[in-house]
Amino acid sequence: VFAGVDAAAAQIRGKEDYKNSAIAGCAAGLIAGARKRSIPAALGSCVFFATGMATYEYSGGFEGAMHGMTREQRDEYRAGLFASAADLKK
């Protein structure tokens, strides 16, 4: 549901931005709430998923921190995220 609505929103609006993710997140939340047969759950899920997905997209989450990096740069970035065995023995 999310991917389909995201693509449809981008096509209709003619823009690829965080608002498409908000629309798609709301649609996914509405479906999840409708499955429970509860209007408050549907509206709450809409707000929750729309906010979460729009924030993720706005912050660059779909491209990620490693977007555009070479293989070596990605490996170096990943290695910096975790302590080495030598660091743990100190």
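The torsion about the S-S bond of Cys26 and Cys46 is about -85°, so the disulfide is left-handed. Cys26 lies in helix 2 (residues 18-35) and Cys46 in helix 3, so the bond ties together parts that are 20 residues apart in sequence. This is a predicted model: local features need pLDDT of at least 70, side-chain atom pairs count only at pLDDT 80 or more, and totals for chains, interfaces and linings use all residues. Residues are numbered from 1 along each chain as its sequence is written, and side-chain values use heavy atoms, with hydrogens and water left out.

**Disulfide**

- A disulfide is a covalent bond between the sulfur atoms of two cysteines.
- The rule applied here asks for a pair of cysteine sulfur atoms within 2.5 Å. By this rule the count comes to one disulfide.
- The sulfur atoms of Cys26 and Cys46 are 1.8 Å apart.
- Both cysteines, Cys26 and Cys46, are buried. Buried means under 20% relative accessible area, exposed means over 50%, and partly exposed is in between (1.4 Å probe, protein chains only).

**Around Ser45 in helix 3**

- Ser45 is found in helix 3, which covers residues 39-58. Helices (H or I, at least four residues) and strands (E, at least two) are DSSP runs, numbered from the N terminus.
- Ser45 counts as buried because its relative accessibility is 18%.
- Leaving aside residues up to four places away in sequence, Ser45 touches Gly29, Gly33 and Ala50. Contact here means heavy atoms within 4.5 Å.

**Aromatic pairs**

- How many aromatic pairs does the structure hold? It holds two. Rings of Phe, Tyr and Trp (its six-membered ring) pair if their centres lie within 6.5 Å; planes under 30 degrees apart count as stacked, over 60 as edge-to-face and the rest as tilted.
- Tyr18 and Tyr58 form an edge-to-face pair, because their ring centres are 5.1 Å apart and their planes stand at 80°.
- Tyr18 lies in helix 2 and Tyr58 in helix 3, so this pair ties together parts that are 40 residues apart in sequence.
- Tyr18 is partly exposed, at 34% relative accessible area. Tyr58 counts as exposed, at 64%.
- Phe48 and Phe49 form an edge-to-face pair too, with 5.3 Å centre to centre and 70° between the planes.
- Phe48 counts as exposed at 59% relative accessibility, while Phe49 is partly exposed at 34%.
- Tyr56 is placed in helix 3. Tyr56 counts as partly exposed, with 41% relative accessibility.
- The C-alpha atoms of Tyr56 and Tyr18 are separated by 8.2 Å, and the two residues are 38 residues apart along the chain.

**Surface patch**

- Leu30, Ile39 and Leu43 form a nonpolar patch on the surface. Together they have about 300 Å² of accessible area, by the Shrake-Rupley method with a 1.4 Å probe, where for residues only the protein chains shown count as cover.
- Patches are made of residues with over 30% relative accessible area and no salt bridge; like charges are joined within 9 Å, nonpolar side chains (Val, Leu, Ile, Met, Phe, Trp, Tyr) within 5 Å.
- A salt bridge is a side-chain nitrogen of Lys or Arg within 4 Å of a carboxyl oxygen of Asp or Glu.
- Leu43 lies in helix 3.

**The loop residue Arg37**

- Where is Arg37 found? Arg37 is in the loop between helix 2 and helix 3.
- Arg37 has a positive phi of about 60°, although it is not a glycine.
- Most residues other than glycine have a negative phi.
- Arg37 counts as exposed because its relative accessibility is 80%.
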